[in-house]
Amino acid sequence: MQPMRRRHRGFPLLCLSAALLVAAAILPGTAVAEGVTPSEARRLRDEVKDMFYHAFDGYMKYAFPLDELRPLSCQGEDSLGGYALTLIDSLDTLALLGDKEKFGAAVEWVGKNVRFDINKTVSVFETNIRILGGLLSAHLIASDYATGMRVQSYDDQLLHLAADLAQRLLPAFDTPTGIPFGSVNLKYGVDENESKITSTAGGGTLTLEFGILSRLTNNTVFERVTKNSVRGIWSRRSKLNLVGAHINVFTGEWTQKDAGIGTSIDSFYEYLLKAYLLFGDEEYLYIFQEAYKAAMHYLYHDPWYVEVNMNSGATVWPLFNSLQAFWPGLQVLAGDVDPAIRTHAAFFSVWKKYGFTPEGFNLATSTVQNGQRSYPLRPELIESTYWLFKATRDYRYIDIGRDILTSLQYGARCPCGYCHISDVETHKQDDHMESFFLAETVKYLWLLFDLAAGPDNIVENGPYKYIFSTEGHLLPVTPEIALVDEHCSYFGAFCNGGADHGYGTSASSTHQKANYTQFNDIQASSSLYSVSNMFTTRGYLKGVCPGLTHAQKLGMSYSDEESNVIEQTSESHEHHSESAVESRVEAQSSNIILISHPVASQHDEVLESKSGSGDHADIAVTADSDSMSHDNAGGSLGANTEEPTEDTTPTSKQTDEEIAPNFQSKEDIS
């Protein structure tokens with residue numbers, strides 16, 4: 001979730017997982033599978049709800065309005081900016097649980113008391129995903145009668161706070177590469193001594209929150225700076241289409257060239273796909289396709305993932321780190337379910353071995369990595385468990401959820417909340433509880449059991465489809481958010497037919513209700529679309545320029561790393577005002593050529609990308625419209641997954657030999 005935080009040639013059609021069609025075909029309210037009844041699932045769901053309130057009430061009693069709770073000593077601490085971080089991060093979880101009273105009171109308090117005009121230097125990444133995302137999600141819930149959680153006294157206070165906060169983050173983007181500094185002072189901007197090194201996740205995990213803010217405020221600068229940051233990272237990828245872990249935001253030089261799917265990189269991949277699903281922007285889809293293919297080719301050693309040198313592809317670190325556990329859930333969204341099932345089983349085998357997942361597990365020695373022995377209540381494995389259950393309705397994932405719940409209750413519960421585990425072998429507790437425990441860990445666990453019980457929440461039964469941010473915040477695929485100046489989201493998101501209409505126009509608001517019926521109707525038939533149909537629904541890229549590759553059409557051709565190094569010293573850097581940031585963004589944007597392409601040529605490229613995968617069959621999945629009403633967040637459904645050659649059903653117990661393949665230790669790797 002956070003930045004400091006084999007071969008597989010088949011590649012699925014990317015929009016939403018075709019496996020979700022299977023999930024939707026199971027009628028809610030019936031027994032989920034053998035031994036798991038709705039009543040038992042409800043009991044587990046209620047236990048998770050009690051878990052949430054034990055931690056939330058402990059925070060409100062002993063720590064509020066400080067940022068986070070110290071659950072062993074029953075005290076509070078400021079960890080980010082000193083503005084009630086845990087409360088803001090928990091707002092949409094309160095709404096998800098249907099707690100109108102506490103949600104309304106919390107929204108009102110935040111609107112009246114939180115201010116960002118403070119002399120605090122904060123992480124751009126953490127502030128974006130926890131605070132900005134929390135404010136936007138709560139605003140979209142509190143301001144909309146359709147959610148059932150409309151706060152009567154609410155008058156867009158959280159949206160105004162979000163816009164003010166994002167404005168204070170903008171100076172971080174004033175760099176030659178467009179990739180932001182890792183930290184910024186909310187009152188004075190970027191300090192002259194601020195490090196010029198940031199993580200790939202730190203620069204690439206901003207698009208969802210900033211993009212939504214642009215649509216809600218009609219201020220396009222937020223979306224443009226974050227898109228330029230993604231372009232700045234991707235344009236400096238290696239010839240293998242891999243990105244490293246850390247980069248210099250001034251020179252564009254990679255300072256850590258280890259490529260992986262975990263620490264420092266993880267949510268870069270996540271936001272590429274989710275930005276496409278939320279906004280319908282094909283550029284994000286294209287980058288994700290290329291990045292995902294490279295990851296599966298160079299990083300995947302079925303069922304594990306390793307870190308490799310981004311330029312050579314040579315394995316440098318055979319390590320499972322706990323942040324990798326989000327990957328199977330992302331694969332479900334991408335439609336690549338078979339490898340997700342196998343990888344999730346491998347990751348859970350580590351949990352079963354220790355009762356928790358350590359931050360690092362050495363695949364060469366089958367032992368906990370020294371210095372990475374802790375479990376800080378991370379949600380990633382639970383998140384993937386939820387998505388795999390949603391895709392398969394296989395009862396084993398309820399069993400896994402029950403095991404995880406048991407571990408948390410017996411190992412992490414402490415007097416005023418839930419404690420970090422400082423050592424997964426001794427289960428020693430640490431006096432800390434990060435806000436994401438309430439924003440994500442408990443949320444995904446509750447959603448898992450609620451889905452098994454027969455879902456009754458705004459995610460499954462609400463008026464919109466939701467994309468989860470990397471912090472677990474609920475981001476609705478509404479017509480207003482899906483609408484971009486000159487194009488619409490796939491399959492019926494509202495489009496008023498004029499390029500002169502900007503974000504959040506009155507036309508969008510006026511027609512939203514009537515159009516959303518159309519959106520659902522078109523979604524319901526989207527499973528019948530083939531690969532080629534995917535590319536017949538848009539025309540927002542202007543002009544025609546046959547003969548160029550897709551990468552060239554999007555202005556993302558490969559250039560050697562050396563050519564990207566900018567000769568500019570830190571002494572010559574001057575801090576600019578907000579207008580200077582916007583001017584730089586305009587200049588960077590004008591260098592990107594956006595031109596359209598014939599539908600046939602793009603389809604041919606898709607087919608060419610599959611031509612090397614003769615040992616992988618294309619699997620077509622269809623379903624009737626009724627069976628997918630709650631499992632498609634907008635887009636055509638399909639999958640091109642590898643057909644399993646053996647039984648991939650994970651067992652409840654695995655030996656150390658099953659956990660660890662025959663990897664060399666790092667010392668043996670040249």
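User: Why are H8 and H9 called roughly antiparallel to each other?

Analyst: This is a predicted model, where local features need pLDDT of at least 70 and side-chain atom pairs count only at pLDDT 80 or more, while totals for chains, interfaces and linings use all residues. Residues are numbered from 1 along each chain as its sequence is written, and side-chain values use heavy atoms, with hydrogens and water left out. Now the pair: helix H8 (residues 207-217) and helix H9 (residues 221-234) pack at about 155°, with axes 7 Å apart. Angles under 35 degrees count as roughly parallel, over 145 as roughly antiparallel, 65 to 115 as roughly perpendicular and the rest as oblique, so H8 and H9 come out roughly antiparallel.

User: What makes a residue part of the contact between H8 and H9?

Analyst: Contact means heavy atoms within 4.5 Å. On the H8 side that gives Thr207, Phe210, Gly211, Leu213, Ser214, Arg215 and Thr217. From H9 come Val221, Phe222, Glu223, Val225, Thr226 and Val230. By class, the contact has six nonpolar, five polar and two charged residues. Here Ala, Val, Leu, Ile, Met, Phe, Trp, Tyr, Cys and Pro are nonpolar, Asp, Glu, Lys and Arg are charged, and the others, Gly among them, are polar.

User: Why is threonine 470 counted as buried?

Analyst: Its relative accessibility is 3%. Buried means under 20% relative accessible area, exposed over 50%, and partly exposed in between (1.4 Å probe, protein chains only), so threonine 470 is buried. Threonine 470 sits in the loop between strand S21 (466-468) and strand S22 (474-476). UniProt, in an unreviewed entry, lists Thr470 under "binding site"; such annotations may be inferred rather than shown by experiment.

User: And why is histidine 427 called partly exposed?

Analyst: Histidine 427 has a relative accessible area of 32%, so it lands in that in-between class. Its loop runs between strand S19 (420-423) and strand S20 (428-430). The backbone is worth a look too: phi is positive, about 60°, although histidine 427 is not a glycine.

User: Which value of phi does cysteine 74 have?

Analyst: Phi of cysteine 74 is near 55°, again positive in a residue other than glycine. Cysteine 74 is in the loop between S2 and strand S3 (75-77).

User: What is omega for the cis peptide bond between phenylalanine 64 and proline 65?

Analyst: Omega is about 5° there, and proline 65 lies in the loop between helix H2 (38-62) and strand S2 (68-70). The bond from aspartate 302 to proline 303 is cis as well, with omega near 5°. Proline 303 is in the loop between strand S10 (300-301) and strand S11 (304-305).

Conventions: Axes are lines fitted to C-alpha atoms, for helices over the stretch in contact, and angles run from 0 to 180 degrees between N-to-C directions. Helices (H or I, at least four residues) and strands (E, at least two) are DSSP runs, numbered from the N terminus.
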